[in-house]
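The entries follow in the sequence I looked things up.

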Amino acid sequence: METLLSFEWGIMAPEFIILIVATGLSLIDLFLPKRVDRKIIGWIGFAGIVLAIISLVGLLDKEVTTILYDTFRLDAFAKVFKLLLLAGAALVIVLAISYEPKEGMQEYRGEFFYLLMAALLGAMVMSSSGDLITLFVGLELLSMSSYILVGLRKTNLQSNESAMKYVINGSIATAITLFGLSYLYGITGTTNLQEMAEFLPLINDNQYLYLLGIAFFMVFVGLSFKIATAPFHMWAPDVYQGAPTPVTAFLGVVSKTAGFIIIIRVLLSIFAYIHNGVTQEPLLVNVQIYLAVIAGITMIVGNVVALRQRNVKRLFAYSSIAHAGYILVALATLSVFMFDIVWYYLLAYGLMTIGAFAVIQVVTEKSDSEDISQFAGLYRRSPALAIMMGIFILSLAGIPATAGFIGKLNIFIGAFAVEPGFFVLGSIMIATTIVSYFYYFGVMTQMFFRPPATETKIKVAPAMMIVIFICALATVVFGLFPNIAIDFFQQYGDQFKDFM
Amino acid sequence: MNFPYFLSILIFSPLLGVLLLMFVPKKNDKLIKVIGFCATLPALILALVAFFQYRAGADLAALSERVPWIQFFWFKGMDEQLFAIDYELAVNGFSLIMILLTALVSTLAAVAAIYIKKEWKGFFMLFLLLEIGMLGVFAAENLVLFFIFFEITLIPTFFLIGKWGYFEKERAAFSFLIYNGVGSAVLLIVIMILFARTGTTNIDLLSTLLNSGDSPMSSSMKLGLLIALLIAFGVKLPIFPLHSWMLRVHVQAPPAIVMIHSGILLKIGAYGIIRFAMGIFPEQFTSLAVLIAILGVINLLYGAFLAFVQTDFKMVLAYSSVSHMGIVLIGLAALNEAGIQGAIFQVVSHGLISALLFFLVGVLYERLDTTEIPKLGGLAKGMPLTAGFLLAAGLASLGLPGMSGFVSEFMAFLGLFGEMPIIAAVGVIGIIMTAVYILRAILGMTYGEAKRDFVGVTDIRPIELFPVVTLLAFIILIGVYPSVLSQPLQATLETIMLGLGG
């Protein structure tokens, strides 16, 4: 007889650690006297994430295990992607600890950290879910926490505005996703992904196939909100601009990674099993062209609109939209290498984006303006900071010897290796990359060529400096020796047999 | 050739200078300059060693290196070599000469860095990085590695132009970046398609694979890839109408960088066309020969005519570069031994001559603050030595027998006359025009009435004499004794001719 204790709870260890730490932190925050610096909470949170990473590493060799009646599964996919989430969150929380804005933050410092942990927990549950219910619960946990995080600077107008926008847009997107999922449930009678996968190939009736097609679009539209692809990207610039910088980094990296995780889960464990009644092609192949079009539009919109931005955070918001487009290219091509490509790109993207936002935070937090001219003469004010920002920008622009380049290389190979090759999509990608040179190197121009407004040196907190340095170092190392990451992935990713 | 990793050490030797410079205080400009200059020497010495040993009969294959590097997309049981990119370096006669040329011009350009006025530390660090990129480009044995080195040249050059250039430096830097970015983007697409479809980027492997009986690509696709390659390298070379960025760079960049730029960076375009376009797609290249010849003649004539009407001496030289690169295309289009040899000779010879001319431009600008021909005049009286060298360089550029320019032009046209006499005949007008515009510009500057007084203007200094004399010596050496180049090139030429089916 199965009891609660007969489940193998050990595979949830990373989630439990995050959960316990987050709950504990909220209590500590409640009872800790007002005068105690809330940074200590942040460091405990950081320790918790590190502990979770360690426990996850201990689980790497574990076979595919499911518990709670297949609603929670620890498979290769979950393991490697969870590692990205945890690493990203660990870096972001250090950003949050060092965040010292001029206004509207002091009182809510404690909340900052445990909400971040809660959001992370949601993302982790998503990556491990084997059931639509857990998938959705994870998604909501992530979204709810993010809404609050965005509005955390309560006396700041922009922060409020962006939180409002985020909530409204986010709820609509969630509703649409849920509506799509309800079709799936209605047709298959189950919310379990594996049972669905067994049932769906049996459907041959065209009527049902249409419904499933609608379900696909609903789900995809709703979820693409999370990764901010065009035309569902309009929220991103406003929210990225208004949110506190560490939250922006969180949204840009962890939340976006989670978005890709859930999209891949849903696409491959549900829609890959639906076959067209006439040609017997999977539904995925039929909708490939739409994915490709969305990827193309996203890359174009992200990169072209970024050209006109003066606000650094907005600029990087558009740049992150463009990067979502690049990753979508890998999804749209549906090559056998898709996981390798997406995983590696998310790794590279996470490192360079967190690094870039860390530098942005250091440069802009003390001033009222986030205008690009804040970067003028950064090389004179802090050579180390400027050079490392240079590395991030080169990597974002996809210049060789950086991780971003290898990531793009991967995407190209994937796009050209399938038959017929996605030559147009590949060309759009490279053309928009060139467009991105204009704004990326515009920042470079400010940093290296323009004279600074003040000659004062920039003081960087040691913790920040370490984060920035780690990101820069990893960006270069993964660019020069990408096999370190690729080998790891090939060893533990196991080509995701658990999906097949 | 006696120790392992010879080529890697050669290529990355400037890195030592970069590391040393990190620990030198910013203000100590003398030490920075000395380190910057000395850091270029190991590469030059090693290149010379390799060259002489090769001339003495050593086998260049002994220099090849291969270390496993990146393995994309590996499945259990998959072929180990599929989708693998190795770190592989090798040289043949042609690339060895290019490496030698690069090392030489870099060392001399480091001397020209005396004209840099600020932030020497940053300048030399970027300069040495640029040298690594250039050396690597010529030694890379696979396309991805080539591309990586190729891009490494791009970024330092952007900064070197944008920070240390003249008035419109930022605009020049951006137009350099974007044009070359587009070029390398097209190149990357070609490389990635080849890689995705064949699973390798090794140059030799690709050329055997694609030209064997069961090629994995249709011939129309190969033609498309070749055209893309020509565009990619055409931006670099530059081929008309893709040249406008290069004019700006020539005018705005500091002298040391223009020497490198017109001496080496433009040559990467020619190298790429010879090595990849001809090497990997010989059949398709043959079918485009007429088109390439016409493009070459257009380049030659267009550059020559526009050089004739320029008032700024830098612009004259910039257009003259366009014009001279036309001769490379003309030689290649001939598809015979004389033509291709002429093209390669032109690559080397123009590298030396333009480096010399732009160094002299630096000498002039440093003293007179202008290179406008109407504002100059009577240089021969004020700065006799400089004027003399300028004349010598000009004569080399217009192809005076006994200097390297003559040999290359002669052979290129010899080749083309054998295949397409009419196009060649039209092209010869360009040779005449070259003499006209060079003499107009140089005589206008050196002779005639002095437009200004030369009080307090010193003639060329000993330290400046060193690059000038060295370059001139090489130019004359190749001119009177061409086999110093043609002998090392022999084996490479035979391989190319074999590929072309000749």
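At what angle do the axes of helix α5 and helix α11 of chain B cross, and within what distance do they come? I found that the axes of α5(B) (residues 120–139) and α11(B) (residues 255–280) come within 11 Å and cross at roughly 20°. Helices here are DSSP runs (H or I, at least four residues; strands are E, at least two), numbered from the N terminus. Axes are lines fitted to C-alpha atoms, for helices over the stretch in contact, and angles run from 0 to 180 degrees between N-to-C directions.

Basis of the entries: this is a predicted model, in which local features need pLDDT of at least 70 and side-chain atom pairs count only at pLDDT 80 or more, while totals for chains, interfaces and linings use all residues. Residues are numbered from 1 along each chain as its sequence is written, chains are lettered from A and ligands numbered from 1 in the order in which they are written, and side-chain values use heavy atoms, with hydrogens and water left out.

Back to the first pair. α5(B) and α11(B) are therefore roughly parallel to each other (angles under 35 degrees count as roughly parallel, over 145 as roughly antiparallel, 65 to 115 as roughly perpendicular and the rest as oblique). Their crossing is left-handed, meaning that the near helix is turned anticlockwise from the far one by less than a right angle (clockwise would be right-handed). I listed the contact (heavy atoms within 4.5 Å): α5(B) gives F123(B), F127(B), L130(B), M134(B), V137(B) and F138(B), and the residues from α11(B) include I257(B), I260(B), I264(B) and Y271(B). By class, this contact has 13 nonpolar, no polar and no charged residues. Ala, Val, Leu, Ile, Met, Phe, Trp, Tyr, Cys and Pro count as nonpolar, Asp, Glu, Lys and Arg as charged, and the others, Gly among them, as polar.

Next I looked at α3(B) (residues 41–55) and α4(B) (residues 93–112), whose axes come within 9 Å and cross at roughly 150°. This crossing is left-handed. Among the residues that meet are L44(B), L48(B) and F51(B) of α3(B) and I97(B), L100(B) and T107(B) of α4(B).

How many salt bridges does the rule find across the interface of chain B and chain A? I got 1, taking a salt bridge as a side-chain nitrogen of Lys or Arg within 4 Å of a carboxyl oxygen of Asp or Glu. R450(A) pairs with E170(B), the closest N and O atoms being 2.5 Å apart. The contact takes 34 residues from chain B and 41 residues from chain A.

Last, I checked the backbone. The peptide bond joining A230(A) and P231(A) is cis, with omega about -5°, and P231(A) is in the loop between α8 and α9 of chain A. F240(B) to P241(B) is also a cis peptide bond, with omega near 5°.
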